[in-house]
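Have the picture open as you read.

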Number of protein chains: 2
Amino acid sequence: MSIEDKFDALFKSLSHRVRRRILDLIKDGPKTTGALCDKLKELDRCTVMQHLSVLEKAGLLVVERRGRERWNHLDALPIHDVQKRWIGPYATQAVEMLQDLEALAQTVESDVQRTVDQPERSK
Amino acid sequence: MSIEDKFDALFKSLSHRVRRRILDLIKDGPKTTGALCDKLKELDRCTVMQHLSVLEKAGLLVVERRGRERWNHLDALPIHDVQKRWIGPYATQAVEMLQDLEALAQTVESDVQRTVDQPERSK
DNA sequence: TTGACATGTTATATTTTTATAACATGATTG
DNA sequence: CAATCATGTTATAAAAATATAACATGTCAA
């Protein structure tokens, strides 16, 4: 599985609100599939299991089998890779954009000031 | 558009490798649609434009029209929201997991030490 | 050991996404 | 102003994701 495949799977798994909700549900501790289905009453159990398997393939969810129960654990480590490759660098970009905007605002401001000091002749 | 719709659109737009490649292409400055198509020769021009519109709907791409050209600018600001709601908190979780692992490793280590000091009788 | 229970598997219908084709428009340039 | 160029629009085919149904398996507990 290439690195691009990995990011495909990660972002795709985060792109559905039900799966994001599942992540929140197991964030503070593992839950059984049954417990998750109870919280997601609007969905068929099979649908929930499909979402779980999407999360598992992306590496965000790890399954521990205990008797007839399946405990779904969060593994947040892959999120680190997303942070390093995509979020961090682009967040930096966003900050630079804001700084550019500030600089632009100051330029405009001083332009206005100069115009007040030395009004241009009308054309 | 709800906040969930927004995250749906953001993660979905990041979940295709072609769109991530486009983001990288416009990261250091805007490019025309034509220039982007040149870099993505394996794809039909229409396909590229569809990807651009997905990015635009997610708010990651802003279009500036100049004559008959279309300049595609990156807007990285929405990435900030992703960072705040999804990456930051889950990265924290990941760090906690690593710390738990370390603690566990130390426990095991001292167990081993204790066992060496006071060997258990075989069963 | 038998019945209820939690989960797993396979198949399939529906919807959405991705890729392309064909045609259209409006700007630039000689 | 006519030809070319960059882009836009609409339609459609193909692939993938989502939701559900029907049936299967292994576990626990009385």
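## Where the protein meets the DNA

A phosphate oxygen of DNA strand C sits 2.7 Å from an N or O atom in the side chain of His51(B). That's a polar contact, meaning a pair of N or O atoms within 3.5 Å; within protein, one must be able to donate a hydrogen and the other to accept it, and residues adjacent in sequence count only if both atoms are side-chain atoms. This is a predicted model, where local features need pLDDT of at least 70, side-chain atom pairs count only at pLDDT 80 or more, and totals for chains, interfaces and linings use all residues. Residues are numbered from 1 along each chain as its sequence is written, chains are lettered from A and ligands numbered from 1 in the order in which they are written, and side-chain values use heavy atoms, with hydrogens and water left out.

| Side chain (N or O atom) | Distance to a phosphate oxygen of DNA strand D |
|---|---|
| Arg19(A) | 2.9 Å |
| His51(A) | 2.8 Å |
| Arg65(B) | 2.2 Å |

Back on DNA strand C, a polar side-chain atom of Gln50(B) lies 2.9 Å from a base nitrogen.

There are 20 residues around DNA strand C, and His51(B) is one of those that come nearest; "around" means that a heavy atom of the residue lies within 4 Å of the strand.

For DNA strand D, 21 residues are around it, with His51(A) and Arg65(B) among the nearest.
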